[in-house]
Amino acid sequence: NMNGADDHTVVVPREANKNYTGLSFSSGGSAVTIEPDKDKWDILLGQYTTMLFSDGAPYPYIVTGGTLNPNKVTALELTNTVFATVNSQNFGNYTLSNKHDAIGYLWKIYSINAGKYTMIDNLTYLVKGVDGSKYKFRFIDFYDQNGNKGYPTFEFMKIF
């Protein structure tokens, strides 16, 4: 409470097999598991906050996109690259990034004429997963079968 009554102290343990631990303020506070073991996932699809700039001034903005597991996962965006043409040789030509938003949200663009998001053509990602496997990955749609936004459809293929 603002007057200092009913204080709570919560110890959030560090779990060696997790990247993150959540904190719930409910019922006096408790640590909660919010992710699988860090060696069991590659990409998180969902909302996150990014920093945009307007006239040089930063402002936080909520976007829907893909973020990388910080435990060994790397990715790279290939523009003007047809998904079907990407193969194992592409991995030798580039250095992948471990930046958390290397996939990010800019695989779609809002079309004022269509009144909805459309996918950017020929945008393919190279992804090296937590286990070292290599994939090609692309987004196909941002809407579910009922037209609700925020439900990405994607395609991926292990290439070695």
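Biologist: Which residue in β7 is the bridge partner of S111?
Modeller: Start with the two strands, β6 (residues 108-111) and β7 (residues 116-119), which run antiparallel and are joined by four bridges. Strands here are DSSP runs of E with at least two residues, helices are runs of H or I with at least four, and both are numbered from the N terminus. Two strands pair if DSSP finds at least two bridges between them. In β7, the partner of S111 is K116.

Biologist: What kind of model is this?
Modeller: Residues are numbered from 1 along each chain as its sequence is written, and side-chain values use heavy atoms, with hydrogens and water left out. Local features need pLDDT of at least 70, side-chain atom pairs count only at pLDDT 80 or more, totals for chains, interfaces and linings use all residues, and the model itself is predicted.

Biologist: In the hairpin of β6 and β7, which residue in the turn has a positive phi?
Modeller: The hairpin has four residues between its strands. One of them takes a positive phi of about 70°, and that residue is G115.

Biologist: Over how many bridges do β8 and β9 pair?
Modeller: Strand β8 (residues 124-128) and β9 run in the antiparallel sense. K128 has K134 in β9 as its bridge partner. Five residues lie between the strands of this hairpin, and G132 takes a positive phi near 90°. The number of bridges is four.

Biologist: And how many bridges join β9 to β10?
Modeller: These strands are antiparallel too, with β10 covering residues 149-158. Y143 has K149 in β10 as its bridge partner. Their hairpin holds five residues between the strands, and G147 in the turn has a positive phi of about 85°. The count of bridges joining β9 to β10 is seven.

Biologist: How many residues of β9 are buried?
Modeller: Buried means under 20% relative accessible area, exposed means over 50%, and partly exposed is in between (1.4 Å probe, protein chains only). Strand β9 (residues 134-143) has 10 residues and is largely enclosed by the rest of the structure, because the buried ones number seven.

Biologist: Is N71 buried or exposed?
Modeller: N71 is in the loop between β4 (57-68) and β5 (74-78). Leaving out residues up to four places away in sequence, N71 touches N19, K38, D39 and V130; a contact means heavy atoms within 4.5 Å. With a relative accessible area of 15%, N71 is buried.

Biologist: What relative accessibility does V32 have?
Modeller: V32 belongs to strand β2 (residues 30-32). Beyond its neighbours within four places in sequence, V32 contacts T21, G22, L23 and S24. V32 counts as partly exposed, because its relative accessibility is 32%.

Biologist: Which pattern does the protein follow along the sequence?
Modeller: The protein has one helix and 10 strands. Read along the sequence, they give β-β-β-β-β-α-β-β-β-β-β.

Biologist: What is the radius of gyration of the protein?
Modeller: This radius is taken over C-alpha atoms, and the globule rule is 2.2 Å times the number of residues to the power 0.38. For 160 residues the rule gives 15 Å, and the protein is more spread out than a compact globule because its value is well over that, at 19 Å.

Biologist: What percentage of the residues of the protein count as buried?
Modeller: The C-alpha trace spans about 65 × 40 × 40 Å along its principal axes. Of the 160 residues, the buried share is 32%.
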